[in-house]
Amino acid sequence: MDFYDLDLHDNVLDALDAMNFTTCTPIQEHTIPPLLEGRDLIGVAQTGTGKTAAYLLPILSMLSDGGFPDDAINCVIMSPTRELAQQIDQAMEGFSYYVPVSSVAVYGGNDGIRYEQERKGLALGADVVIATPGRLISHISLGNVDLSRTSFFILDEADRMLDMGFYDDIMQIVKQLPDTRQTIMFSATMPDKIQKLAASILHNPVEVKLAVSKPAEKIVQTAYVCYETQKLGIIKSLFRDSKPERVIVFSSSKLKVKEVAAAFKRMKLNVGEMHSDLDQAQRDVVMHEFKSGRIDILVATDIVSRGIDIDDIRLVINYDVPRDCEDYVHRIGRTARAGAEGCAITFVSVDDQSRFAAIEDFIEREVFKLPIPEELGEAPEYNPQKSVGRGKGRSRHHAKDNHRKGKNAGKRRNASKQSNKDRRQIS
């Protein structure tokens, strides 16, 4: 569908023309019409599907139509992270180029000057406020913001916000909003807690659900079945003969990220780390250094697995198996973007085997298991059936497990023949 087939304001269409945007993505095609009708909506779609435009365009169109108070905050957009808030703010600048609306981005980790700029923007009644929950709560508690006349409330990546413990903050913000608002939620997944939140803050919503895309075909997916103590040895082996470039290593927690980054530095690898303990200035520097090539390896939590556009990542390493199948897709989707090729390696410890088997079911393919370097000793057998209960979210049929074991046994017999070829491809 073409954007001109939608009932968007001419000012918005002019901005889309200037940006050479002509055709809607599926999420935009299915969400923009009901949003323009004033309906509450919950959209389930992963990063990269165009969901930011799916809510910004109708909001800007309705604000362009007029009828909203000039001195009120008319729209609040909630983001789980500063990085995503910045990205939404950048999209806002483009889409609103010909639209007479004001906006302010409100997120933590800034100096006092920035905070004062936020306070002034909120006091003057910016049309659109893009905020992280904690920072907005801070302004609310100091009396810097009045949300009593807000017309639109948007939660972007709602599942991530709940994962990060923002439920109470969200509900505290909701209490400041009028009941007559239009509420929009976007989430990459639809667990029970998201359904509960939707039921409590949405009124008779339209539900738009897009299936989570499978990983791009150009991603070479492999895995090492290993013990936790063998992971650093595998890293040494991977980068022994070739210098790492444009590599993201995902780990399960900020503590683990710090430990892994410190270990990489001891190996003399050029590494940076990204996690929630860094202030905004530090995170901006690390991301700039990585994008510019002055850092070869970025070790990160899932804070960069969604919503951050870096198109030339060559290798993604899951130092820990992601907790959710969708997180696996988001993580490895950082590589092989814009038609390029890329590689993804996952380290599968004994406790993570059932979780990884569930991922293989989800992506409908078996990930090839590379043999670990001989000098690291014996690796554990890949037997997900034994680790049921240690992993998370796994349900499998016995016959399918037996089929998997048979296939894996054959692959292990051929592993020595394949390993050199796969190592060259990964390097």
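Tutor: A residue counts as buried when its relative accessible area is under 20%, and with that cut-off in hand we can read this predicted model.

Student: How many of the eleven residues of helix 14 are buried?

Tutor: Nine of them are, so helix 14 is largely enclosed by the rest of the structure. The buried residues include R355, F356, A358, I359 and E360, and just after the helix E364 takes a positive phi of about 60°.

Student: How should I read the packing of helix 13 with helix 14?

Tutor: Two packed helices are described by the angle between their axes and the distance between those axes. Here the axes of helix 13 (residues 325-332) and helix 14 (residues 353-363) come within 9 Å and cross at roughly 75°, which makes helix 13 roughly perpendicular to helix 14. Helix 13 contributes C325, E326, Y328 and V329 to the contact, while helix 14 contributes F356, A358, I359, F362 and I363; by class, these are eight nonpolar, no polar and one charged residues.

Student: And what describes a pair of aromatic rings?

Tutor: The distance of the centres and the angle of the planes describe such a pair. The structure holds seven aromatic pairs. In F21 and F95 the ring centres are 6.1 Å apart and the planes are at 55°, so the pair is tilted. Because F21 lies in the loop between helix 1 and helix 2, and F95 in helix 4, this pair ties together parts that are 74 residues apart in sequence.

Student: Are F21 and F95 buried or partly exposed?

Tutor: F21 counts as partly exposed, at 37% relative accessibility, whereas F95, at 5%, counts as buried.

Definitions and conventions. Residues numbered from 1 in each chain as written. Predicted model: local features only at pLDDT ≥ 70, side-chain atom pairs only at ≥ 80, totals over all residues. Heavy atoms only, no water. Axes fitted to C-alpha atoms, helices over the stretch in contact; angles between N-to-C directions. Helix = DSSP H or I, 4+ residues; strand = E, 2+ residues; numbered from the N terminus. Parallel < 35°, antiparallel > 145°, perpendicular 65-115°, else oblique. Contact = heavy atoms within 4.5 Å. Nonpolar A, V, L, I, M, F, W, Y, C, P; charged D, E, K, R; others polar. Buried < 20%, exposed > 50% of the residue type's maximum accessible area, 1.4 Å probe, protein only. Phe/Tyr/Trp six-rings, centres within 6.5 Å; stacked < 30°, edge-to-face > 60°.
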